[in-house]
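Let's walk through this model together, one region at a time. Keep the viewer open and follow along as we go.

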Amino acid sequence: MGENNRVAIINDVFAQRISPKGSVIGMKFNGGLRVIGVAKSINIPGRENIAARFYMPASLARNMLLIKTKKGQELSRTELISTLKEVSHSLSLFSFSSLTEYKNERLFAPMTTAITTVVLAFLTLFLSALGLYGILSYSSQMRRFEIGTRLAIGAKGKDIVTLIFKDNSGAIISGIIISVLLLLGLYLGFSDSLIEYVSIELIPLYMMTLASISLISLFACYMPLRQYINKPAIHSLRGSD
């Protein structure tokens, strides 16, 4: 390649790096490679950050084509070979792949990780709800005479639910406070390692988690009480089912 052909097009990330305030056209780098244009950066699926890139003229022995089809149109390998033969019998196809296949291949690991994380999260919530329900169900059975007495003197079902929820809200709030303190401690102690995973964008997700915990706690408090508040108080006082 001659001196005049040692040219390259760089993306805007690369341009911002080598010349933050001025034009990069005509600048040289990498032993005399001259910049003749700047292209918009593309985000490659499967990568979080956009890398600085430069593009050089390809050799004539490595002709590569990027074909854009119309919406809903598909191009097969056979059709492409047939089209090339119509142009010239000296042309041959070395490799053929679609961007969709390339994208799916790049996103396979992140998508698998995301799906696995969601499944494990729902499984964790389900098992937590079952465990909390079992504990509160046993607690409600131990307090059935108290519940029956309150119902007998005029308490409503919602009053019983509110009472049980208030009695258990202290433990829930304590758990939330401890988890927040642990998260802050980990973030302050290992901020360099966690900076990529902990950000202000996680606040909505954290609020959704708190809402889920509150709903699960309310469910676990209410369900064991249904057998008492939906029947006459005498059933609770007699310990009858």
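Two strands count as paired here if DSSP finds at least two bridges between them. With that in mind, look at the strands of this predicted model. Strand β2 (residues 28–29) runs antiparallel to β3, with 2 bridges between them, and Lys-28 has Arg-34 in β3 as its bridge partner. The hairpin that β2 and β3 form has 3 residues between the strands, and there Asn-30 adopts a positive phi near 55 degrees. Strand β3 (residues 33–39) also pairs with strand β1 (residues 7–11), this time in the parallel sense and over 5 bridges. Within β3, Val-38 is the residue opposite Ile-10.

Next, turn to the aromatic rings, where the structure holds 1 aromatic pair. The ring centres of Phe-14 and Phe-54 lie 6.3 Å apart with their planes at 50 degrees, so this pair is tilted. It joins distant parts of the chain: Phe-14 sits in helix α1 (residues 12–18) and Phe-54 in strand β4 (residues 54–55), 40 residues apart. Are the two partners buried or exposed? Buried means under 20% relative accessible area. Phe-14 has 12% relative accessibility, so Phe-14 is buried, whereas Phe-54, with a relative accessible area of 35%, is partly exposed.

Now follow helix α3 (residues 99–142). Its 44 residues reach 63 Å from the first C-alpha to the last, close to the 64 Å expected at 1.5 Å a residue. The buried residues of α3 are Ala-129, Leu-136, Ser-137 and Ser-140, and what covers them includes α4, α5, α7 and α8.

Leu-136 leads us on to the largest nonpolar core, which has 12 residues, among them Leu-136, Ile-147, Ile-164, Cys-221 and Ile-229. Two or more of the core's residues come from each of α4 (144–152), α5 (157–189), α7 (203–222) and α8 (226–229). The most come from α5, which gives 3 residues. A second, separate core has 8 residues, including Ala-8, Val-24, Leu-33 and Val-35. In soluble globular proteins, nonpolar side chains tend to be buried together.

Note on methods
Residues are numbered from 1 along each chain as its sequence is written. This is a predicted model: local features need pLDDT of at least 70, side-chain atom pairs count only at pLDDT 80 or more; totals for chains, interfaces and linings use all residues. Side-chain values use heavy atoms; hydrogens and water are left out. Helices (H or I, at least four residues) and strands (E, at least two) are DSSP runs, numbered from the N terminus. A nonpolar core is a set of buried Ala, Val, Leu, Ile, Met, Phe, Trp, Tyr and Cys residues joined through side-chain atoms within 4.5 Å. Buried means under 20% relative accessible area, exposed over 50%, partly exposed in between (1.4 Å probe, protein chains only). Rings of Phe, Tyr and Trp (its six-membered ring) pair if their centres lie within 6.5 Å; planes under 30 degrees apart count as stacked, over 60 as edge-to-face and the rest as tilted. The expected span of a helix is 1.5 Å times one less than its number of residues. Contact means heavy atoms within 4.5 Å.
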